[in-house]
Amino acid sequence: MPVVYDEKTERNLGKIHRGTNTPWISPFSSEDGQIEKYDEFSRWKYGILGTIKPKQIFSGSSKICFINDENTVFKYIYDLQIFGNQIWKEILIYKKRAKKYFDLLPKIFNYGKFWMVEEKVKICSESQFYLMTKIPYKEWEFFICNMNMPKNSGKLPFNAFLKKEKRRLLKKYKNLDADSDLKRHIKYTNKIFENEILLKIMEFCYFSGILICDMHIENIGYKIENGKKVIKILDYGYDGKD
Ligand SMILES: Nc1ncnc2c1ncn2[C@@H]1O[C@H](COP(=O)(O)OP(=O)(O)OP(=O)(O)O)[C@@H](O)[C@H]1O
Ligand SMILES: [Mg+2]
């Protein structure tokens, strides 16, 4: 049962969605009006989905993501204990930053305290990542594991922060135990600091207080926009605070 999320889909309320052969529903029309309550809502959604077996499910450590319809996914948080309400954190960041980072963030069409209907993007593979950035994914992974993104982001101008961090990183690499990959790490770290797309991801994390180490492949997707593949961050709820 896909959840309605815009004017066009609202017109379909109650009608059968061809993809799943189930009716479109509205999360706001529950009889008891308790939809915003996590327990109620997850039971409700589980109940429905338990009987229809959604086409595809992806889950991470605290969220579950279902295909909602051709263009969107339905995501909700099932564990508030480990990292807090990551969905709500994402929504607050989206409200604040979506204008500036519109090309980086999938659109959020509809949301509640514990769920959202979000633009569906394609899952990124390591080879896709390379095609889009010209940086081998393993080198980006190495980079984000070593980069130090300050918690009090924003105190230093972004460019000054980058300059300082680049110096620190290159020095740090040299102290790594006789790493045979050292030359490659240095080469690609230099390239990452010149890469427009990856700089944008770093900038977004810097000003949103998101941990850069969370920008691993599972949290990155892409879309084809105007014939060009564009990277999208599909999970930006982790600020390491919970
Ligand atoms: N907009 C989207 N379009 C397509 N797939 C998505 C979208 N958002 C999430 N997914 C898929 O669902 C998975 C889980 O979503 P998400 O990363 O938000 O959950 P999580 O529990 O926070 O994961 P993590 O383990 O990183 O904490 C993603 O790794 C991805 O495969
Ligand atoms: Mg994730």
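**Close-up 1. The bridge between Lys223 and Val230 in the predicted model.** In this predicted model, Lys223 has Val230 of strand E10 as its bridge partner. Strand E9, which spans residues 220–225, pairs with E10 in the antiparallel sense, and six bridges join the two.

**Close-up 2. The open sheet of strands E8, E9 and E10.** The three strands follow the order E8-E9-E10 in an open sheet, and their pairing is antiparallel. Strand E8 (122–123) and strand E10 (228–233) each have a single partner strand and stand at the edges, so one side of each is left without a neighbour in the sheet.

**Close-up 3. The largest nonpolar core.** This core has 26 residues, of which Trp140, Ile201, Cys205, Ile220 and Ile233 touch the most other members. Two or more residues come from each of helix H3 (86–97), helix H5 (137–146), helix H7 (182–192), helix H8 (196–208), E9 and E10, and H8 contributes the most, with five residues. Because domain 1 (7–120) and domain 2 (126–233) both give residues to this core, it lies between them.

**Close-up 4. The surroundings of Ile220.** When neighbours within four places in sequence are left aside, the residues in contact with Ile220 are Cys124, Phe129, Met215, Ile231, Ile233 and Leu234. Of these contacts, Ile233 is, like Ile220 itself, among the residues of the largest nonpolar core that touch the most other members.

**Close-up 5. A second, separate core.**

Technical notes: Residues numbered from 1 in each chain as written. Chains lettered and ligands numbered in written order. Predicted model: local features only at pLDDT ≥ 70, side-chain atom pairs only at ≥ 80, totals over all residues. Pairing = 2+ DSSP bridges. Helix = DSSP H or I, 4+ residues; strand = E, 2+ residues; numbered from the N terminus. Core = buried A, V, L, I, M, F, W, Y, C linked by C-beta atoms within 7 Å. Buried ≥ 20, exposed ≤ 12 C-beta atoms within 10 Å, placed from the backbone. Domains from an automatic or database assignment. Contact = placed C-beta atoms within 7 Å.
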